[in-house]
Amino acid sequence: MGHRKIVLSTVCLILLLVIVMATGMIYVVEFRTKNKYPEGYVLSAPPESLMKIVIPPYSGVHPRFKQRHEDHYSYPIKIGDVGPVKALIPGDLQYPFICGIDRSKLGQPLVDNQQGYGIPVYQEKSNRELSKTIVGYSKDCLIPTQAAYYYNRKGTNRFYPLAKAKNDIETIIVNGKEMEFVVRLELGTINRFLYAIAVLRGENETLGEPNGAHWNKRLIYQFRGGVGVGRKQGHVRNTGVLKRRHRQLAEGYAVVFSTANQTSNHYNIWLAEDTALRVKRQFTSLYGEPDYTVGIGGSGGGVQQYLFGQNNPRLLNAIIPLYSFPDMISQTINVLDCELLEYYFDMTDRQNPRWLDWTNRSYIEGFNATIGEYTELSIVQKIFSLWQHGHLFDWHPGQTECIASWRPLSSLVHNPNYHHYERYFLPKLFEAVSWTHWADLKYIYGTDKHGIPLHTWDNVGVQYGLNALKDGLISIDEFIRLNAKVGSWKPLQDMQPERFWIFGGHYFPIDFSVWGEQNMRLAAGSDKRVAPRNTASLQAIEAAYRSGMVFIGEIDIPIIDIRHYLEDELDMHHTVASFSSRQRIIDAKGHANQQIIWMTEYPYLPIDLALKAIDQWIQNLRDNVDLSVEEAKPAGLHDSCFRIDGSLIASGKSVWDGAWNHAEKGGDCQKHFPSYSTPRQLAGGGVKDDIFKCALQSIDGAIESGVYGDVDIRPYQKRLERLFPSGVCDYRLPDLGRPSDFWGAPVSAE
């Protein structure tokens, strides 16, 4: 009987492996089909751009108090001419650099070298098709400035070249006069990124000499999100900008955008700001100064608005960040916790039935979790667990926000060997580049003596699950085991490629992994073994603050922070991010009366309502120059929440009260749209989520100060001291890396 069981188990295992291989091949074929190797891949880069050099962390003046360099470029950039290439910021141009012009359908970039750097540029045939003859190469992806008219087709939000109109041009009312809905769209490159300027066609204007006669003197700067680590131009669909802001264009707003202000390309806030300033210079040289500029954009697009409002209040007069975070870099604190915790639940502590209930993981991670959802990823993960480790599995379908939203992003930000655009480079070139956020901004964070970028992620002293312990949701033994085994990430120079074909890296490897444990510092085996924690660079953290990469709440412009409620979808744009921004503003300014928070049921998005409120807000400031921003706020403009049909659920000063601000009674909006938390908040940190490296206190001191609440931790003190030999986080104290002298420095022309 035992022999039969072994045979049956073996047959089942073989069948499962066949299914796995078949599933894997399907994924590979689909992945290859959807992401075919592009013809214009990057061949090579200037050798000096690939050298590892030693760079000190930024130690200068905060951007808020730093005089910007004078721009000597001649504006406007005429049609047929090329915009500036080098931004007015420190650091060399990045190479290699992926062109996005082909995806933007703007033709080939201009030839700028014959050394084979960048992508090949081909000779065009008489019918404008490309021949196989290479005439040169483009490393900077530049195009001549161009402009064209597009019309809005009746009854749609779509735009088409004016030459294709067939009595189907929409009409609009502007200044009481009916006119055709036709927009002049200008495209070009500034700082190597693609920019777009869209304005209603003026009376008797030409493409070369627009007059903006129907412009309402209000400018929208469009921002977009995503996560990028540089070396990428991005792309802009010529009619995409028009479609996105269709209603505002019809009202006479002008709209500008640059792929430098899309964070799926990079998170260099200096580069993003410099490019935005130059795009505005191009706009004003064509149309004149706007009455005001308002930012609109979601996710990373919202992050840029918060940071621009803090770092350079002259760039934007008001902002409408959509499902934003306070900044990008403090998001890495929790994002890089995610995979460590998921690996602990799935593998290290897999025999603990507690983690089979997905909602229990929220005790530690803070983010929402759902039960009863089968995914292809979870099926493949379980099968590979059996194949590789011999772990029998049971089907408890579900997932967490860490899995649904953050799984690939920890690798994108932190693994120098991973990028989902790997196929755009020759293999040797790809391997020569460090693909991390830290490397992208090495002129800010600095490098070590070997040229390895410094980073800001640290988990020394972090007591994961502390609040769960205090609330009786996990036992003391579970708390100790979690903190003994959760581990950290290996040094950047020791990290290996990813092992999951969907996210990139090796296609269908035998050593498959969704967690990236090959890059973790773990301690398998005996409970006496403790996994090491990771120490950040204090200099890098200090540089992050000094450079303006961290939102510290010092903002003095009107803000309407809007987001859909997406917690049930496990979307990364969790609601607590709005309250993190708010608490930072409160701590910096003493109040957050200049920030309004609106939350809605999807898909209702009150952009028009927000623009009207911003318009009145700014008008009040213009009419009453002695008023502060909060004093000029329109009457009736309050924190609010809305239903899917746009009807109001609740509005008022306390509607968002909740655990985040220690309110005894939850507000009406908070009850309707409950927010969750983050790993570091549940480890004792506050809602601001802005502690990169915590100050430490001894275990004895933590017990005395009440860190463990009513839990009698004394009998376990020696075990905790072995886990935390340097002590545990004391979140009553500020970030150890936050400099005391970086805010309020005099203006400097460095």
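The following questions and answers explain the terms used for this predicted model.

User: How do you know how confident the predictor is in this chain?
Analyst: The pLDDT, which is the predictor's confidence in each residue from 0 to 100, averages 90 over the chain, and 89% of the residues score at least 70. Over residues 23–38 the pLDDT is below 50. This is a predicted model in which local features need pLDDT of at least 70, side-chain atom pairs count only at pLDDT 80 or more, and totals for chains, interfaces and linings use all residues. Residues are numbered from 1 along each chain as its sequence is written, and side-chain values use heavy atoms, with hydrogens and water left out.

User: Why do strand S4 and strand S22 stand at the edges of the sheet?
Analyst: The open sheet has 12 strands in the order S4-S3-S7-S8-S10-S9-S11-S12-S19-S20-S21-S22, with mixed pairing. S4 (159–161) and S22 (648–651) each have a single partner strand, so one side of each is left without a neighbour in the sheet. Strands here are DSSP runs (E, at least two residues), just as helices are runs of H or I with at least four residues, numbered from the N terminus.

User: What makes strand S20 and strand S21 a pair?
Analyst: Two strands pair if DSSP finds at least two bridges between them. Three bridges join S20 (residues 595–600) to S21 (residues 640–642), and the two run parallel. Thr600 has Phe642 in S21 as its bridge partner.

User: Why is Trp598 called buried?
Analyst: Buried means under 20% relative accessible area, exposed means over 50%, and partly exposed lies in between (1.4 Å probe, protein chains only). Trp598 has 4% relative accessibility, so Trp598 counts as buried. Phe642 is also buried, because its relative accessible area is 6%.

User: What makes Trp598 and Phe642 an edge-to-face pair?
Analyst: Rings of Phe, Tyr and Trp (its six-membered ring) pair if their centres lie within 6.5 Å; planes under 30 degrees apart count as stacked, over 60 as edge-to-face and the rest as tilted. For Trp598 and Phe642 the values are 5.6 Å centre to centre and 75° between the planes, which is edge-to-face. Trp598 lies in strand S20 and Phe642 in strand S21, so the pair ties together parts that are 44 residues apart in sequence.

User: Which other rings form an edge-to-face pair?
Analyst: Trp438 and Tyr445 do, at 5.4 Å centre to centre and 65° between the planes. Both Trp438 and Tyr445 are buried. The structure holds 29 aromatic pairs, and ring pairs link Phe65, Tyr545, Phe692, Phe742 and Trp743 into a cluster.

Methods: Contact means heavy atoms within 4.5 Å.
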